[in-house]
Amino acid sequence: MAISKFNYNSFNVTPVASKALAFNSDADGFTTASGSSMILIKTLTASSSANLSFVNGSSDVVLDDTYPVYKFLCINCHPSQQGGDGDEFSVGFRDGSTAYDASKTSTFFSSVHGEDGSGGAVAYRDSHDQANATGFQTLAVDMDADNDTQVSGELTLFNPSSTTFVKHFIWRGNHVHSSAGIQDTYVAGYCNVTAAIDAVQFKMSAGDIDAGVIKLYGIADS
Amino acid sequence: MAISKLNFNSLNVTPTASKGIGFDSGADDLEASFSGGSMVFISKFTSDGSDDTATFTNIDSTYKEYVFVCTNLHPQTDSREFQVNFRDGSTAYDATKTTTYFRAYHDEADSATTLSYDGNNDEAQSTDPQYLSSSVGADADQSTSGILHLFNPSSTTFVKHFISTFNHNTADDYSQVIYVAGYCNVTAAIDGVQFTFRTGEIQGGTITLYGIN
């Protein structure tokens, strides 16, 4: 009788938990191989979006104890408006309710340099840090809204499902400043809560995220 | 006679060295083109609540970059420095290092901020451990988290560069972020990395080691 289905033990290799099947380095036998530890969970694409939200358990988003560390890659996030209150890219964290208002203490500094060569400097910006505040954390300020300008960066969130520790986060990103130049921004801090963080939302301080992509990855630890 | 085990040439796909096997884009054939990703899990340290050290000795030429992801490292005692050192041939973690160290902090009471270079915590041809976080608090919810990158540790030609970013709660309730970069000023291979608190135990947290293909 012909074999209709092969099982895990049908292959001439010793099964290893959570490993994949691969050819060995001589291409003359099977071996087991590790997959990547950086796992794409979800991609959200902005299209005149009021916000982009990653909610655990919704739309295939995982943001729980599946991974100990999560990374958000923000790529070409473009604001709908410039000036006034509409030119700050920001993030909020949800810690149990439906609101993105987890209390945070954070630091914020940046370096700037104009396209005309002016203003090269690095400085702490105390108008954008937070001291046990529930407002959204600014990640980019004074953004330009020309068609070719945007913010790109990476946010790392450590162990959001912990119910023991506060939740550390670290951001670095850069954007085109409204006065025509680069601003390289460093933000770090913690959500000063022991409740789990189960959702993260990005938005502009006013107006929309006109365009751009935010990708969520889990960093596996086994 | 029944087939007992399928061999590498039993599948309808051309074997390719070190490649994984998957379905093709049409889901109607096999292909051997999967590389398994470039960030590869190697090992994990999980504190048992009373560890003097967290030590990794599986560092070699397999990868050109090693990444240590440190999550919620919790000290036994208030105001302790989380630190790292490197092994360069002997059994001791004492590779000579030159480093930079700068920080930003902001307290929960909104009374103080800084962005400054800290000349007390950098190293100049020192064999001492390098601080990655300073004055970490020991309250139950306090810890330090961050990432350390170590480049080409197996080189016997170049010094060994490393870069880290760590955030932590201080004992007096500041959020403090520390940026360290430097090099082990040795051409011997680095084959071990050890994390400790300046004094006392590691009483919680994990450190996960990855290799970057």
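Reply: Start with contact, which means heavy atoms within 4.5 Å. In chain A, among contacts between residues at least 6 apart in sequence, 70% join residues at least 24 apart. The model is predicted, so local features need pLDDT of at least 70 and side-chain atom pairs pLDDT 80 or more, while totals for chains, interfaces and linings use all residues. Residues are numbered from 1 along each chain as its sequence is written, chains are lettered from A, and side-chain values use heavy atoms, without hydrogens and water.

Me: How many helices and strands does chain A have?

Reply: Helices (H or I, at least four residues) and strands (E, at least two) are DSSP runs, numbered from the N terminus. Chain A has zero helices and 15 strands. Its radius of gyration, taken over C-alpha atoms, is 21 Å, well over the 17 Å of the globule rule (2.2 Å times the number of residues to the power 0.38) for 222 residues, so chain A is more spread out than a compact globule.

Me: Why is strand β7 of chain A largely enclosed?

Reply: Buried means under 20% relative accessible area (1.4 Å probe, protein chains only). Eight of the 11 residues of β7(A), residues 104–114, are buried, so the rest of the structure largely encloses this strand.

Me: Which strands pair with β7(A), and in which sense?

Reply: Two strands pair if DSSP finds at least two bridges between them. β7(A) pairs in the antiparallel sense with β13(A) over 11 bridges, with β8(A) over four and with β9(A) over two. A:Ser106 stands opposite A:Gly189 in β13(A), and A:Ser110 opposite A:Ala123 in β8(A).

How values were computed:
Buried means under 20% relative accessible area, exposed over 50%, partly exposed in between (1.4 Å probe, protein chains only).
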